[in-house]
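Q: I'd like to learn how to read a few features off a model, one at a time. Can we start with helices and work inward?

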Amino acid sequence: MQEKTNMTKEEKITAAETAAGQYFKEGMNCAECVLQSFLDTHNVDLPKEIIALSSGFGGGMGHTKNTCGAITGAVLALSCLKGRKNPLAKETTKERIQEIQQIYVPFGDMIHEIEQQYGTLICKELSAPHGDFAGKQRKKNCKQIISYCAGLAAKYAE
């Protein structure tokens, strides 16, 4: 992979999509794949153990098939760059609320784009048309969603 700092936006998107799909093949869960691919392709000054924050989101949050782990992984990934490092830095509550309302914008846009692409954010609904959850078709579908979400997180980071 090219040096992270020398990659164009398009190269980061493609690299994140590719890496996320490969991580899925290697046994990482959906949220871990998206977050790790983001960490690989962006200059994020966080410890590598940050990946642990994504583990519980796999399989639609603890394998309950609720909100898709690839989507929550994308939110976690984007938060690495766009999230508040010190939520109490603003002096007043009003300033903190105004700040977070602005921060929400790219996250909301990304989620709306995912929902527009797939029609739902729910793991159970995304995987249902593909039969058995352990089956090959569902895994192929999830790999595609994971790659898409990794690419979107990279897109919205720029």
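Q: Where does α4 kink?
A: The bend at a residue is the angle between axes fitted to the seven residues ending there and the seven starting there. In this predicted model, α4 has a kink of about 30 degrees at valine 105, shortly before proline 106. Helices here are DSSP runs (H or I, at least four residues), numbered from the N terminus.

Q: Before we go on, what are the ground rules?
A: Residues are numbered from 1 along each chain as its sequence is written, and side-chain values use heavy atoms, with hydrogens and water left out. As the model is predicted, local features need pLDDT of at least 70 and side-chain atom pairs count only at pLDDT 80 or more, while totals for chains, interfaces and linings use all residues.

Q: Which residues of α4 are buried?
A: An α-helix has 3.6 residues a turn, so residues three or four places apart point the same way. Buried means under 20% relative accessible area, exposed over 50%, partly exposed in between (1.4 Å probe, protein chains only). In α4, the buried residues are Ile100, Ile103, Pro106, Phe107, Met110, Ile111 and Ile114. Their cover includes α3 and α6.

Q: Which residues touch the most other members of the largest nonpolar core?
A: In soluble globular proteins, nonpolar side chains tend to be buried together. A nonpolar core is a set of buried Ala, Val, Leu, Ile, Met, Phe, Trp, Tyr and Cys residues joined through side-chain atoms within 4.5 Å. The largest one here has 41 residues, and Ala70, Met110, Ile114, Ile146 and Cys149 touch the most other members. α6 gives the most to this core, 11 residues.

Q: What does isoleucine 114 contact beyond its sequence neighbours?
A: Contact means heavy atoms within 4.5 Å. Leaving aside neighbours within four places in sequence, isoleucine 114 is in contact with Ile71, Gly119, Leu121, Tyr148, Cys149 and Leu152.

Q: What is the phi of methionine 61?
A: Most residues other than glycine have a negative phi. Methionine 61 has a positive one, near 75 degrees, and sits in the loop between α2 (30–41) and α3 (69–82). Lysine 65 lies in the loop between α2 and α3 too, with a positive phi of about 65 degrees.

Definitions and conventions
Helix = DSSP H or I, 4+ residues; strand = E, 2+ residues; numbered from the N terminus.
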